[in-house]
Amino acid sequence: MKIQISGDKISFSAAHILSNHDKCSRLHGHNYRLRVEAEGQLNVKKMVVDFGEFKTKVRNIVKQFDHRILVPSQNKEFNIISDEREVKILTTENKYYRFPKDDVLILPIEATTAELLAKYIHNLIKETYPKLKITVSISETPTSIASFSE
Ligand SMILES: [Zn+2]
């Protein structure tokens, strides 16, 4: 059996930069929308997982992304220097960004593409629900959606 959650409370707005991309290498943002599916056996309450509990867990994971600048720490084109006050990024394209630390979320991924964001958020949800097959679909725009499932 499979359940699915979506909606405003598991969505977030964030800014990012994609290195070596003609248009997206400029700082820009998206209103990301998520759809999360959980598939598995029914429990004693005849549910895959309680909708309310599942929404709360996913919302708590997703809210850390909201109104942040997403920075991929594994990106070889970004030299990231961070201290207690600021995050500075020097790119191989010779761009220099300087942000207040609180505005930034540094993620242990190679790029903040929708694909890798879906996989990263999937892995965070999977830590809580290791026995369920979790699918995370994330849209940057209504017509651009990436999914990761495992
Ligand atoms: Zn983008």
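A nonpolar core is here a set of buried Ala, Val, Leu, Ile, Met, Phe, Trp, Tyr and Cys residues that are joined through side-chain atoms within 4.5 Å. In this predicted model, the largest such core has 33 residues, and the members that touch the most others are Phe12, Val36, Phe54, Ile125 and Ile138. At least two residues of this core come from each of strand E1 (2–16), strand E2 (28–39), helix H1 (51–62), strand E7 (104–107), helix H2 (114–128) and strand E8 (133–141), and H2 provides the largest share, seven residues. In soluble globular proteins, nonpolar side chains tend to be buried together.

The surroundings of Ile138 can be listed residue by residue. When neighbours within four places in sequence are left aside, Ile138 is in contact with Phe12, Tyr32, Arg33, Leu34, Ala114, Leu117, Ala118, Ile121, Ser144, Ile145 and Ala146.

**Sheet and helices**

Six strands form an open sheet with mixed pairing, in the order E7-E3-E1-E2-E8-E9. E7 and strand E9 (144–149) are the edge strands, each of which pairs on one side only, and neighbouring strands of the sheet are turned against each other by 35° on average, with direction ignored. Strand E3 (residues 68–72) runs parallel to E7 and is joined to E7 by four bridges; the bridge partner of Leu70 in E7 is Leu105. H1 packs on the sheet, where H1 touches E1, E2 and E8, and the direction of H1 makes about 15° with that of E1. H2 also packs on the sheet, touching E1, E2, E3, E7, E8 and E9, and the direction of H2 makes about 145° with that of E8.

Another pairing involves strand E4 (residues 78–82) and strand E5 (residues 86–91), which run antiparallel and are joined by five bridges.

**Zinc site and annotated residues**

The zinc ion is coordinated at 2.0 Å by the NE2 atoms of His16, His28 and His30, and the spacing of these donor residues in sequence is H-x11-H-x1-H. Because His16 lies in strand E1 and His28 in strand E2, the pair ties together parts that are 12 residues apart in sequence.

For "active site", UniProt lists Cys24, His67 and Glu140 in an unreviewed entry. The place of His67 is in the loop between H1 and E3, and, with neighbours within four places in sequence left aside, His67 is in contact with Ser13 and Asp103. Glu140, by contrast, lies in strand E8; not counting residues up to four places away in sequence, Glu140 touches His16, His30, Asn31, Tyr32 and Ala114. Among these contacts of Glu140, His16 and His30 are also donors to the zinc ion.

| Residue | Relative accessible area | Class |
|---|---|---|
| His16 | 0% | buried |
| His28 | 21% | partly exposed |
| His67 | 63% | exposed |
| Glu140 | 19% | buried |

Buried means under 20% relative accessible area, so Glu140 at 19% counts as buried, whereas His28 at 21% is partly exposed.

Notes:
Residues are numbered from 1 along each chain as its sequence is written. This is a predicted model: local features need pLDDT of at least 70, side-chain atom pairs count only at pLDDT 80 or more; totals for chains, interfaces and linings use all residues. Side-chain values use heavy atoms; hydrogens and water are left out. Buried means under 20% relative accessible area, exposed over 50%, partly exposed in between (1.4 Å probe, protein chains only). Contact means heavy atoms within 4.5 Å. Two strands pair if DSSP finds at least two bridges between them. Donors are N, O and S atoms within 2.8 Å of the metal (3.2 Å for Na, K and Ca); water is not among the atoms, so sites may look incomplete. Axes are lines fitted to C-alpha atoms, for helices over the stretch in contact, and angles run from 0 to 180 degrees between N-to-C directions. UniProt positions are given in the numbering used here, feature names are shortened, and annotations may be inferred rather than shown by experiment.
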